[in-house]
Amino acid sequence: MTSTSLAARRRRDALRTLAFLSPWLLGTGLFFLYPLVSTAYFSVMRYDGFAPPRFTGLRNWEFVFQSYPFFWPAMRNTVWLVLVVVTLRMLVGLAIGMLVIRVKRGGGLFRTLYYAPYLAPPVAGTLAFVFLLNPGTGPVNVILGHLGLPQPGWFNDPAWSKPALTLLALWGIGDLMVIFMAALLDVPREQYEAAELDGAGAFNRFRFVTVPHLRPILVFAAVTGVIAMMQYYTEPFVAGLVASGQIGGSGQQVEPGYPAGSTLTLPQLVYNLGFQRFDIGAACVIALVLFVLSMLFAVLLMRRGSGFLAED
Amino acid sequence: MTGPTPTRALRRTGAAVAAVAALALASACTGSTSGGANDDPNAETTITFWHGWSAPSEIKAIQGNIDAFEKAHPNIHVKAVSNITDDKINQALRAGGPNAPDVVSSFTTDNVGEFCGSRAFVDLSSFMKKSGIDAASTFPAPQLAYTQFEGNQCTLPLLSDAYGLYYNKKSFADAGISAPPRTMSELKADALKLTKTKGDGYAQLGFMPNYHGYESVVSHFAAMWSPTYFNDDGTSNVAKDPGLKAMYLWQKDLVDSLGGYQRLERYRNTFGDEFGSKNPFMTGQVAMAIDGEWRGGMIDDSDSDVDYGVAPFPVPDDQAAQYGKGYISGTVIGIASTSKKQNAAWELVRYLTTDTKAVVDFANVIHNVPSTQDSLASSDVDQNPAFQEFIKIAQNQDSNTTPSSPNGGAYQLTLQNVGYDYESGKNTDLQGALDKAAEQIDADIAQSQ
């Protein structure tokens, strides 16, 4: 083969490869690289959607980190939710999955009961929880009162608002339950039998047989859980708004993150700054912070969890 | 057992990171402000009018005015779009395009500074001059104040809201109170007399002072002290204004006197929706409330049997001579700077805001206060004594409003947060909190420039 024809063939191969890759390249470029570069660009600009963008250096960054009073409370809330809600959802989802696969009769009913809340629209679910957990008139506190137990302020108390959101997240555990259930059913029975013959008790069978098989699912649940918490908007926003009684006000300012900023999350700030105050530069700063945080969590989880592969 | 090789793990990590990176958001808005007032107002045209009214009776009322306008201007057709929020307005004005509105109304006077400062709405001064309208003699001073920003009259008032004191006549009679309070001291005394405790709660509360108690917000209370929020150079004056500080102290004293923040909050959590039939004043849970003129219409239209009276909200003891004033707000209307039909749009704005019959008819139907001097003085305005109290408040020369700011109502939010922290006892250093609030307001405004 001559060098000319070899070069032509390589060119053809390269073009063919490019053609096959083009949908991915186009999608990545349009929906990932362009937004990412734009976000970084606008984070150093003053832009309100009307006047052309104006370079302001690090002013937006200084404002967000030093002057914007809602940033650090929202950051603390987001980290709290990532650590507590994601962990609890994984533990409870796994526990329910393990229980449901053991049910001999009526398993389908339990699966349906646990899965159904996941299908509820987030706004409807949140509204229901705010009414159920109303400190004064909600049935939960009425029952607690009859039992002589303390009646928390739930969504109206800064100390209880995030635990109330956690309860709401656990109520909608159906997605993880189904995934864990499928993974648990996939664990070869003979490995349990072998472990049992070797003298392994229930805990050791779980630790040395179940967990290694579930590892990719656990990593998947953790990564998607972290992403979901980084995007957590609807539930805390609706809960804060309804609990504060500020819906339908005659134009008065709405308190973000009621009560006392305890339900404020970073995505709420992105919306507030970007699409209500039209301070797009500052909103982009927070979007970049979310991006970096997501990356950090994802890298950590992937490296510690050995990716999406099960252990051999 | 062996794990994946470091290279494979890194590759997978990279892939996952790339997937996570889709979180990054960007808003490459490309709004245009090009528009103009070069259209012929006599040409056949259709303009789009966005408004926030959503109740069937409200939509019927505004449509009635639109029909009357179209009858008077047969060449201009109006496509009305209801239930529009300020978020939608802001986004649409930036996006522009053929479906963007020509005329826009908003319930949120807080955003006028943004609308004017960003040139989202056109300055109506030249239109008014052309039509021979003198703004100062046509509209009351507070309404003019909240519809302009730094001399740019980019909106006009389309009906107003005035705030006063609602009181339960039966509760007053039961407590031996013969007349509504006129000063803050009298309000406190009456609130205590009207309060009936029950266990660690209340069977009836005289007055709900907590800032989450619906309309009992900082700006509505503060109006009774007529504060100066900003200095002439645009910087915040909240740390130095004696009225504002006095208001926080008065409210905190009332909170403590009525049983304390926690107890009041627990009681507040039993309240029904502000705009529903379970509003605490309508159910008798509170005997006095600060509220707008619309509440009377709501009570009259509901099954509530509360026998209510209306009076101006009490004034500070050292300002007794100014009794009768109140906080004024309202709906605003303007013309989008992206509109290509600004002359036709102005005809609609002019009709809705300055035609006395249109203003009065609309005000009567939706229980709002008319927004021009002539309409306020009109004998066709609802003569219900309770409603007339709000007319008087709107006409009072000492009534005031919250001024426009380049970043909307952000400063009110800052002051509201000072209130939340102070009433709950989270912050006991009021002056320190006001100093910080002033710094915050200045930083927010600087960021918006």
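**Close-up views of a predicted two-chain model**

In chain B the mean pLDDT is 89, and 92% of the residues reach 70 or more. The model is predicted, and the predictor assigns the complex an ipTM of 0.78 and a pTM of 0.83. Residues 1-35 of chain B have pLDDT under 50 throughout, and for this stretch the model has 77 contacts beyond four places in sequence.

**Figure 1. The two domains of chain B.** Domain 1 of chain B comprises 45-161 + 329-395, and domain 2 comprises 163-327 + 405-447. Their C-alpha centres are 28 Å apart. Where the two domains meet, 16 residues of domain 1 of chain B are in contact with 21 residues of domain 2 of chain B. On the domain 1 side, the elements that give two or more residues are α4 (112-117) and α18 (385-395) of chain B. Helix α18(B) provides the largest share of that side, with 6 residues. Sorted by class, the domain 1 side holds 5 nonpolar, 6 polar and 5 charged residues.

**Figure 2. The largest nonpolar core.** Which residues touch the most other members of the largest nonpolar core? Among its 114 residues, they are Val103(B), Met288(B), Ile335(B), Leu348(B) and Val349(B). Strand β4 (residues 155-168) of chain B gives the most to this core, namely 8 residues. The core draws at least three residues from each of domain 1 and domain 2 of chain B. Another core, of 70 residues, lies apart from it and includes Leu165(A), Val219(A), Leu264(A) and Val285(A).

**Figure 3. The surroundings of Ile335(B).** Ile335(B) is one of the residues that touch the most other members of the largest nonpolar core. When neighbours within four places in sequence are left aside, the contacts of Ile335(B) include Asp102(B), Val103(B), Phe121(B), Val122(B) and Leu124(B). Gln342(B), Ala345(B), Trp346(B) and Val349(B) are also in contact with Ile335(B).

**Figure 4. Helix α9 of chain B and its packing partners.** Helix α9(B) covers residues 184-194, and its buried residues are Met184(B), Leu187(B), Lys188(B), Asp190(B), Ala191(B) and Leu194(B). Against which elements do these buried residues pack? Their partners in chain B are α8 (169-174), β6 (201-207), α11 (242-257) and β7 (286-292).

**Figure 5. Strand β8 of chain B beside strand β4.** Strands β4(B) and β8(B) run antiparallel and are joined by 4 bridges. Asn168(B) stands opposite Tyr308(B) in β8(B). In a regular strand, side chains alternate between the two faces of the sheet.

Figure 6. Chain A is divided into domain 1 (3-59) and domain 2 (69-304). The centres of these domains, taken over C-alpha atoms, are separated by 35 Å. In the contact between them, 10 residues come from domain 1 of chain A and 7 residues from domain 2 of chain A. On the domain 1 side, α1 (3-42) and β1 (45-46) of chain A each supply at least two residues. The largest share of this side, 3 residues, comes from α1(A). The residues of the domain 1 side divide into 4 nonpolar, 4 polar and 2 charged.

Figure 7. The peptide bond from Tyr258(A) to Pro259(A) is cis, with omega near -5 degrees. Pro259(A) is placed in the loop between α11 (234-244) and α12 (266-276) of chain A. Ala260(A) is also placed in the loop between α11 and α12. Although Ala260(A) is a residue other than glycine, its phi is positive, near 50 degrees. Is Ala260(A) buried or partly exposed? Ala260(A) counts as partly exposed because it has 18 C-beta neighbours inside 10 Å, whereas a buried residue needs 20 or more.

**Figure 8. Trp154(A), a buried residue with positive phi.** Trp154(A) is found in the loop between α6 (139-146) and α7 (161-171) of chain A. Trp154(A) is not a glycine, yet it has a positive phi of about 45 degrees. Trp154(A) counts as buried because 26 other C-beta atoms lie within 10 Å.

How values were computed. Residues are numbered from 1 along each chain as its sequence is written. Chains are lettered from A and ligands numbered from 1 in the order in which they are written. This is a predicted model: local features need pLDDT of at least 70, side-chain atom pairs count only at pLDDT 80 or more; totals for chains, interfaces and linings use all residues. Domain bounds come from an automatic or database domain assignment. Ala, Val, Leu, Ile, Met, Phe, Trp, Tyr, Cys and Pro count as nonpolar, Asp, Glu, Lys and Arg as charged, and the others, Gly among them, as polar. A residue is buried if 20 or more other C-beta atoms lie within 10 Å of its own, exposed if 12 or fewer, and partly exposed in between; C-beta atoms are placed from the backbone. pLDDT is the predictor's confidence in each residue, from 0 to 100. A nonpolar core is a set of buried Ala, Val, Leu, Ile, Met, Phe, Trp, Tyr and Cys residues joined through C-beta atoms within 7 Å. Two strands pair if DSSP finds at least two bridges between them.
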